[in-house]
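Dear colleague,

I am passing on the structure that follows, together with notes on what was found in it. Please read the notes with the model open beside them.

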Amino acid sequence: MTTPGVEDDVPDTPAEANVYGISDGPASGTRPQRPVTERRLHPVTPFRRAWAPIAVLVGWAVHDPNQAQEQLTRLTTTTLLIALAVLVPAASLYGFLTWWFTHFAVTDSELRIRTGLLFRRTAHIRLERIQAIDVGQPLLARIAGVAKLRLDVVGAEKKDELAFLGEEEARVLRAELLARAAGFAPETAHEVGEAPARELLRVPARKLAISLVLTGATWGALAAALVVPPVLWLATHSVWTVLATGVPLLGAAGASSVGRFVGEYDWTVGESPDGLRIDHGLLDRTHETVPPGRVQTVRIVRPLLWRRLGWVRVELHVAGSANSVLVPVAPREAAEAVVARVLPGVSVPAEDSLSRSPRRAGRCVPVWWRGYGIAVTDSVFAARHGLLRRTLTLVPHAKVQSVRLTQGPWQRLWRLADVHVDTGADKTVTARLRDAQEAAELLRGQAERSRTGRLDARPDRWMA
């Protein structure tokens, strides 16, 4: 959603222009439609938006703490009370006006969102371009009984948002928009309702906590937060320098441990006709959807301390979406069963089936070359990298956009080459340090497999 008074959402590319139309009125050239009823967001929304001016002041104080401290010492009690008497009504008025001038409506072909006080912005989101709608409920929103909808739209770099709606209204609107995106007629979309879901996997809190303890990043961030501030204090004797460095380090340590636990708590994966549904969160509850057919790559991560327990983490890249985690931690067999739902017909290659790089690859990358490996099946191109934290990346042949071979001077000397596979999510998967002749054959074979894979791929349709 754009901030009223700022005209900043004009599309920069033709792809975005096909999705969002910026105008002051109805789109021209469209056929007459039945009367459209515009609706406002939930009345609790102004309280959420009233924090924006206060957030600006807090951001300034954090950016320049010395100047903020000087200004605070100059304030008298009377001046502070006058400032609060002006700031609170101004923030309240800002929150009310942004809510009053925000409307949305569902027409026969699009979702229309109109915002702006001085500069009006109208976003026309074509319903058939919607690929996922996530439901978010921060802690205060759960208490207030409201939720927000975040829309993933094909061709758009960022999500439009409807925040906030009543819980029931958000659920009904999401079901209607997904039904319309699936091709249901406007008259019947209201009757479809939310598609049923079948639970595939649930992550116990105890297992999640143990996995975080056994993650090296957690201990690395914590060690940095405990060691660096005392060293800076001994070197500078400046409180502000210690705070400016220590607070971000503590925040990073908290985000890699407590923050991840809170965000990934009660992680549940369910299967429904509109894709895989993911629910998670202890304080802020989030309901996400992995769109069918939009997954470009899947990564199976095995940290060093997880291997004895047989645990893995599953991450993914979805075209046009920020969703990146599918399973935070699970036994390998259970994780592979979920991957089979995301990529129908795909089986994860076993570790012992991966072809390692030739021994002379150690001339280019000592020791770490042992972590490289590839496997090519009828359905996927799989590449592994990493020695301590091993990552196996799967790319369905139908999702490959281009294949490249690169060879540096040192690699040419040892008859080695890299094969790069580019996907539709602007990501590249690389088979590192392969034999040069093998790499050339892999290049030709993968180009043919990608062509035939796209011909045989199933259409990306909702509720198919």
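The notes below go from the whole chain to the sheet, the salt bridges, and then the surface and a few single residues.

This is a predicted model, in which local features need pLDDT of at least 70 and side-chain atom pairs count only at pLDDT 80 or more, while totals for chains, interfaces and linings use all residues. Residues are numbered from 1 along each chain as its sequence is written, and side-chain values use heavy atoms, with hydrogens and water left out.

The whole chain

The chain has 14 helices and 20 strands, where helices (H or I, at least four residues) and strands (E, at least two) are DSSP runs numbered from the N terminus. Of the 464 residues in the chain, 41% are buried; here buried means under 20% relative accessible area, exposed means over 50%, and partly exposed lies in between (1.4 Å probe, protein chains only). Taking contact to mean heavy atoms within 4.5 Å, residues 24 or more positions apart account for 57% of the contacts with a separation of 6 or more. The chain exposes about 23900 Å², of which carbon and sulfur atoms supply 60%; accessible areas come from the Shrake-Rupley method with a 1.4 Å probe, and for residues only the protein chains shown count as cover.

Seven strands form an open sheet in the order 6-5-4-10-9-8-7, with antiparallel pairing; two strands are taken to pair if DSSP finds at least two bridges between them. Its edges are strand 6 (160-166) and strand 7 (198-202), each of which pairs on one side only. From one strand to the next the twist averages 20 degrees, with axes being lines fitted to C-alpha atoms (for helices over the stretch in contact) and angles running from 0 to 180 degrees between N-to-C directions. Helix 7 (residues 167-181) packs on this sheet, where it touches strand 4 (130-137), strand 5 (146-153), strand 6 and strand 10 (285-290), and its direction makes about 135 degrees with that of strand 6. Within the sheet, strand 8 (residues 268-272) and strand 9 (residues 275-280) pair in the antiparallel sense over five bridges, and L276 in strand 9 is the bridge partner of E271.

Salt bridges

Side chains of opposite charge can pair when their charged atoms come close. With a salt bridge defined as a side-chain nitrogen of Lys or Arg within 4 Å of a carboxyl oxygen of Asp or Glu, the count comes to 25.

The side chains of D418 and R432 meet in a salt bridge at 3.3 Å, N to O. Because D418 lies in strand 19 (residues 416-423) and R432 in strand 20 (residues 428-435), the pair ties together parts that are 14 residues apart in sequence. D418 counts as buried, at 7% relative accessibility, whereas R432 counts as partly exposed, at 28%.

Surface and single residues

On the surface, V213, W219, L222, L226, V227 and V231 form a nonpolar patch with about 570 Å² of accessible area together; patches are made of residues with over 30% relative accessible area and no salt bridge, like charges being joined within 9 Å and nonpolar side chains (Val, Leu, Ile, Met, Phe, Trp, Tyr) within 5 Å. Helix 10 (residues 216-236) gives the largest share of the patch, five residues. L226 is found in helix 10 and counts as exposed, at 57% relative accessibility.

T391, in strand 17 (residues 390-396), is by contrast buried, with a relative accessible area of 5%.

With best regards
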